[in-house]
Amino acid sequence: MKAFAALLDRLVYTPSRNAKLRLLADYFRRTPDPDRGWALAALTGSLDFPNAKAGAIRELAREQTDEVLFALSYDYVGDLAETTALLWQTQGDAEAPGLADVVETLRQAGRTEVRGLVSGWLDGLDATGRWALLKLITGGLRIGVSARLARVALGQAFDTAVEEIEEIWHAVDPPYGALFAWLAGDGDKPDVAGRPTFRPFMLAHPLEERTDLDPADWLVEWKWDGIRVQLAARGGERRLYSRTGDDISAAFPDVLAAMDFDGVLDGELLVRDTADPASADPAAFNALQQRLNRKTVSKKMLAGHPAYVVAYDILFDGAADLRGLPLEQRRRRLEAFVAGHGHPDIELSALLDAPDWESVAALQAEARRLGREGLMLKRRDSRYEPGRKTGLWFKWKRDPLTADAVLMYAQRGHGKRSSFYSDYTFGVWRGGELVPVGKAYFGFTDAELAQLDKWVRNHTVNRFGPVREVEKRLVFEVAFDSIHASSRHKSGLAMRFPRIGRIRWDKPAEEADRIEALEAML
Amino acid sequence: MAGLRPEDWLKATERGLWCAPADLYIDPVRAVERAVVTHGHADHARPGNGRVLATPETLAIMRARYGDAAARQAQPLAYGETLDLGAVTVRLVPAGHVLGSAQVVLEHAGQRIVVSGDYKRRRDPTCPAFEPVACDVFVTEATFALPVFRHPDDAGEIASLLASVALFPERAHLVGAYGLGKAQRTIRLIREAGWDRPLYLHGALQALCDLYEAHGIDLGPLEPAAGRDRAAFAGEIVLAPPGSLSDRWSRRLPDPVTAMASGWMRVRQRAKQRGVELPLIISDHADWDELTATLQEVGAPEVWVTHGREEALVHWAAGRGIRARALSLIGREDEDD
C-alpha cells in the first residue's frame, strides 16, 4: 500500500504527461504481482467495491475528534477523504496492509464488515497511505490519469507498443497476472481470439491545403461530427469502444441492440435529430454530448437522443482479419457486410464524388453549412494500421470560426510554463461590459508567450492567487470550431476547441466583437 | 499585590505585547524604545527600535538583515541568563524554532508568564531544543493548531526528495525554503541523508547560510546558482526562497521539479495552489500534537493564543479546564512556513 500511496501522491501534483508516464512506468517495473495489477485496475477504473460507501467514511471521520474540531478541520482542508486521513488517530501498532490484501478482502466484504476492516487498515498507515486507501475504496481517484495513459505507461515500462496492449486489454482481468507475465517475458501473449476486444484505431493527419494530391488515389468521405467508435461483436459478446479504447457499451444499449453481427467495424457515433425526424442528417454535436460520459442511460434519454452509427471501415468479418487488405477491398467488404446485416441504425458512410482538387475544396467549403466536421481523404491502397501513419489518411477540417475578444484574466501555467502567464480568459462586449466567452492556452509561439507574459505582468490590475486580472486592452483573434449555448458561463456561450489565432497588438479593445455577433454563430 | 491579574502587567496593544512595569514590548510591530525580540523572522524582528534585547544569534541575524537599523542599542542576553528591568525579571529560553529563537520568560510580583514566540518540539540540527518552563500564563503560537496538522518525520520527506532526484536525473530539483531557518535546516537534513554534492543557492539565501556556518553549523559545499549553464543543473538540487519558485528566476533551470519545504504542504489544495510538484512537509512550527503536549507540559492554568488557528486550540484547552483566550495581535502573517 505504501508504494501505491506514494505513486498516487506524486501523480496528484505532477502536471506533465511525460513525468506522469515516468512515475507510472517506474511503479509497474518495481512493484511485484499482484499489487501492480490491482494498482493498474484502480488506475483504469476497473475496480468497484459495492459495499464501501462514502457515508461509512464520514462516520469514521466524525468519531476521530469532537464536532467543533472536525468542522474547523473539514472547513480548512475542504476534502472529506483528506480530512479523515489527516485527523485519524492511530490505535496501537497495526501492520500496514498490502494493496492486494485491501482489494481482495474488500471485494468479498459484506456491508457490515467494511467499517471494521477500513478502520483497522487506517491504523496501520501513515497520512498519505490513509488518503490513498480512502480514495481507492470510495472510487474515483481523480489524479489526472486516464485509463489510456496508464496503458501507455505500461507499454513504456516493458518496451511494448501500447497498441499491442490495447488489443488484449479487454480480454484480461484484474489483477492481470497473465498480462504482466507476458510483458515481463515470462509467459505467452494472452489469447484474444473469439473475444470482442478493442483493436487500435487507424488515425489521420491534419491536411492543410495540399493541391499536389491526385484525387484518383483517394477515397473521399465526410468527417461526421460525432465521436469515433469501434463496434466489436464476437462469440455472442458485444462491445462499443471509444477512441481511447474505453468500453462505453453501458451508455449505448441502442447501438448494442443494432450489433446483431459477428465482426468489428469502425464508425462514427451520432444522434438522430428528433426535432426534425424527416431529416437524414444527425443532430448537432451538442445533442450527442447529452449521451456521453454516462454510466447508464434513462429511457427518456434513449427516446430523446437515439444513437446510431455511420460505418467507415471493417476490421474483422467474423474471424477473418481484414486489416491487411487495401482500403478499396475493405470498402467492398464493408458495403456487403452492412447490406447483409441490414439494421437501420448502422448506416454506411457515403463516398463522395470528387474527381479533381477543385471539387474536393468545394466539398470542404460546404462542410460547415451541412454540419459536417470536414472531409476525410484516405488512400485507396491503405491497409488498416494502428496509429497515425504518414501519408495514408488525412482529415481536412472545416475552417474555424473566429472572433475578436479582449483578454480579461491570465493564469500561470503548469510544469514548464509555471513561471509564465499562459492561460487566457477572454471576453466580448455586452453593452458596455465585457463578459467572458472562453479560455485558451495554445495557438501562440514560445516567443509570443514570452511577450504575452511580459504584457500581463505590466498591465495587472488585480491578483487572485495564480490569476491576474489585466487592463482590458489587448485583443485576441480567437479561432474555434463551433459555439454552443451553455448555462455554465455568464455569457451563456461556450466555445469548442478555442485557441488564440492571432494577437492583435494593433486593435483597440472597443473594436472587439459584441456578444450578438457570437450568438449569431450558434 | 493581592488581586494582580496577569493582564494587568502584560497587555496586547497596537504595537504588540507590552509588559507595562518594564515598559518592554515583545516583538513590536512598530518602532518602540525598548523591545525584546524572540527570533529573527521578519514578522517578529523589525528594524528601527531603540534598545533591543535578544539572543546574540538573533541580534546577529537582525544585523545581517537590517544593518544599523537593527537596533540603536543591541543588548545580547544568552539563553538562561537573567536581566532585571525594574520590577520585572527577563530570561530567554530556547524555543527550537530557528537559530537564536527564544521564549521570553517574564517574572513579576510572584507571577510568571512565558511568551513562546514561534516554536517546535522536534529535533532541529540547527538550533537548541525547546525547553518547557512551568508558568502561570503561557502565551502560545497557533500556526498549525488544527488536528489535521501532524507533521511527518522529516527524514522521510528528504528521502522522497532524493528518490525524485534519482527518478528524474535530467531535471533540476528546485526546493523553496524560507531564507531564515528552513533553508539551513533543510540543507542539514539533506546532508544527514548522505547527499554530499554541492547544493546551489538563490542569491537571497547566501548571507544567512554564511551566518549559520559562522555559528558552527556545517552546511557542506554550497554554490551560487547564478551564472551557471542551464545544463549543469541536471540532477542537482537548488534552493530558493518560496517567492522565486514560479517566478522568472526559475527559468534558468532545466524543466525543474518544484518542491517546497513547508508545514502548509500537508494540505493538498495549498500545495497545488502554489504549483508545487513535490511537497515536503517540513515545518519549524509545532504541529497539533506538539502544541497540545506543550500546553499540558507547562501546566499553565491560563493560556493566551496568538497568531494562527486560535479557535481550535482555545476550544481544545477549554475542554481540559485550561482558561484560554485568543489574543489578536496585528502584523502576524502566515509566513511561508
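Predicted model: local features only at pLDDT ≥ 70, side-chain atom pairs only at ≥ 80, totals over all residues.
Which residues are buried in helix α8 of chain A? In α8 (residues 114–123), I listed Val114(A), Val118(A), Trp121(A), Leu122(A) and Asp123(A) as buried. An α-helix has 3.6 residues a turn, so residues three or four places apart point the same way. I then looked up the cover over these residues and found that it includes α4 (54–62), α7 (99–108) and α9 (127–138) of chain A.

**Entry: the interface of chains A and B**

The size of an interface is often given as the accessible area lost when the parts come together. For chain A and chain B I noted about 3,200 Å² buried between them, with 55% of it on carbon and sulfur atoms. On the chain A side, Arg10(A), Tyr13(A) and Tyr76(A) lose the most area to chain B, together 25% of what that side buries. In terms of contacts, 33 residues of chain A meet 35 residues of chain B.

I next counted polar links across this interface and recorded twelve residue pairs in polar contact. Which elements of chain A each supply at least two residues of the side that touches chain B? They are α1 (2–13), α2 (17–30), α5 (67–77), α6 (80–87), α9 and α18 (446–458). Of the elements of chain A, α5(A) gives the most to this side, with six residues.

**Entry: salt bridges between the chains**

Side chains of opposite charge can pair when their charged atoms come close. The rule finds four salt bridges across the interface of chain A and chain B. I examined Arg457(A) and Asp247(B), whose closest N and O atoms are 3.5 Å apart in a salt bridge. I also found Arg457(A) and Asp247(B) in a network of salt bridges with Asp453(A), Arg248(B) and Arg251(B).

**Entry: salt bridges within chain A**

Over all chains, the count comes to 67 salt bridges. I looked up Glu373(A) and Lys223(A), which form a salt bridge at 3.5 Å, N to O. This pair links distant parts of the chain, 150 residues apart: Glu373(A) is in the loop between α17 (357–370) and β10 (374–379), and Lys223(A) is in strand β3 (residues 218–223). Are these two residues buried or exposed? Glu373(A) counts as buried because its relative accessibility is 5%, and Lys223(A) is buried at 15%.

The side chains of Glu433(A) and Lys490(A) also meet in a salt bridge, at 3.9 Å, N to O. Glu433(A) lies in strand β15 (residues 433–440) and Lys490(A) in the loop between β19 (482–485) and β20 (493–496), so the pair ties together parts that are 57 residues apart in sequence. Here I noted Glu433(A) as partly exposed, at 37%, and Lys490(A) as exposed, at 57%.

**Entry: backbone geometry**

Most residues other than glycine have a negative phi, and most peptide bonds are trans. I recorded a cis peptide bond between Asp33(A) and Pro34(A), with omega about -5°; Pro34(A) lies in the loop between α2 and α3 (35–43). Another cis peptide bond joins Pro174(A) and Pro175(A), with omega about 0°. Pro175(A) is placed in the loop between α11 (162–169) and α12 (177–183).

Asp255(B) has a positive phi of about 40° and lies in the loop between β15 (237–240) and β16 (257–261).

Conventions:
Residues numbered from 1 in each chain as written. Chains lettered and ligands numbered in written order. Heavy atoms only, no water. Buried < 20%, exposed > 50% of the residue type's maximum accessible area, 1.4 Å probe, protein only. Helix = DSSP H or I, 4+ residues; strand = E, 2+ residues; numbered from the N terminus. Contact = heavy atoms within 4.5 Å. Buried area = accessible area lost by both parts, 1.4 Å probe. Polar contact = N/O pair within 3.5 Å; in protein donor to acceptor, adjacent residues only side chain to side chain.
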